[in-house]
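Work through the exercises below with the model in view. Try each task before reading its solution.

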Amino acid sequence: MQIAAAVAVVIVAALHAYFLALEMFLWRTPFGRRTFNMTQDVADSSAVLAANQGLYNGFLAAGLLWGLVGYGVVSGRAILTFFLACVIVAGLYGGATVSRRIALVQSLPAVIALALVWLS
């Protein structure tokens, strides 16, 4: 079960590293605009905010990897729980305020990872 939990945590961390890249570096590109269904003007006017949001996603990824690599699934359970809970709350908030898809893409993998961490 610890291997499944570790894999799930790595998946959540990888998703947040991807979100960092998308929001910090790809926001104004055709790919970024297509992903968020926005015009060039909207992308340009919101790029600084998106980059800030991307940085926070990077912190979530780093925290998850710190807890997992530094302490493991069992010993790092408190750290992993904190960062996974942050991901879940952020995803639920995004799902409620922006798009339900955010809750599915962000919160669901974190809920699965959190359950696996606690079952280990």
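**Exercise 1. Find how helix α3 and helix α4 are arranged, in this predicted model.**

Solution. 
- Step 1: Locate the helices. α3 covers residues 40-75 and α4 covers residues 77-97.
- Step 2: Take the axes. They come within 7 Å and cross at roughly 150°.
- Step 3: Classify the angle. Angles over 145 degrees count as roughly antiparallel, so α3 is roughly antiparallel to α4.
- Step 4: α3 passes α4 in a left-handed crossing.

**Exercise 2. List residues that join α3 to α4, and sort the contact by class.**

Solution. 
- Step 1: Start on α3. Its contact residues include Phe59, Leu60, Gly63, Leu64, Trp66 and Tyr71.
- Step 2: Turn to α4. Among its partners are Arg77, Ile79, Leu80, Phe83 and Cys86.
- Step 3: Sort them. The contact of α3 with α4 has 14 nonpolar, four polar and one charged residues.

**Exercise 3. Describe how α1 and α5 pack.**

Solution. 
- Step 1: Locate the pair. α1 runs over residues 2-24, and α5 over residues 100-119.
- Step 2: Read the geometry. Their axes come within 8 Å and cross at roughly 155°.
- Step 3: Apply the cut-off of 145 degrees. α1 and α5 are therefore roughly antiparallel to each other. Their crossing is left-handed.
- Step 4: Name the contacts. On α1 they include Ala4, Ala8, Val12, Leu15, His16 and Phe19. On α5 they include Val105, Gln106, Pro109, Ala113 and Val117.
- Step 5: Sort the contact of α1 with α5. It has 13 nonpolar, two polar and no charged residues.

**Exercise 4. Work out whether asparagine 37 is buried or exposed, and describe its backbone.**

Solution. 
- Step 1: Asparagine 37 sits in the loop between α2 (30-36) and α3.
- Step 2: Check its backbone. Phi is positive, about 50°, although asparagine 37 is not a glycine.
- Step 3: Compare its accessibility with the cut-off. Exposed means over 50%. Asparagine 37 has 73% relative accessibility, so it counts as exposed.

**Exercise 5. Describe the protein as a whole.**

Solution. 
- Step 1: Count the elements. There are five helices and zero strands. Along the sequence the pattern is α-α-α-α-α.
- Step 2: Take the extent. The C-alpha trace spans about 45 × 25 × 20 Å along its principal axes.
- Step 3: A compact globule of 120 residues would have one near 14 Å; the protein has 15 Å, which agrees.
- Step 4: Look at burial. Of the 120 residues, 37% count as buried.
- Step 5: Look at sequence separation. Among contacts between residues at least 6 apart in sequence, 58% join residues at least 24 apart.

How values were computed. Residues numbered from 1 in each chain as written. Predicted model: local features only at pLDDT ≥ 70, side-chain atom pairs only at ≥ 80, totals over all residues. Heavy atoms only, no water. Axes fitted to C-alpha atoms, helices over the stretch in contact; angles between N-to-C directions. Helix = DSSP H or I, 4+ residues; strand = E, 2+ residues; numbered from the N terminus. Parallel < 35°, antiparallel > 145°, perpendicular 65-115°, else oblique. Left-handed = near helix turned anticlockwise from the far one by under 90°. Contact = heavy atoms within 4.5 Å. Nonpolar A, V, L, I, M, F, W, Y, C, P; charged D, E, K, R; others polar. Rg over C-alpha atoms; globule rule 2.2 N^0.38 Å. Buried < 20%, exposed > 50% of the residue type's maximum accessible area, 1.4 Å probe, protein only.
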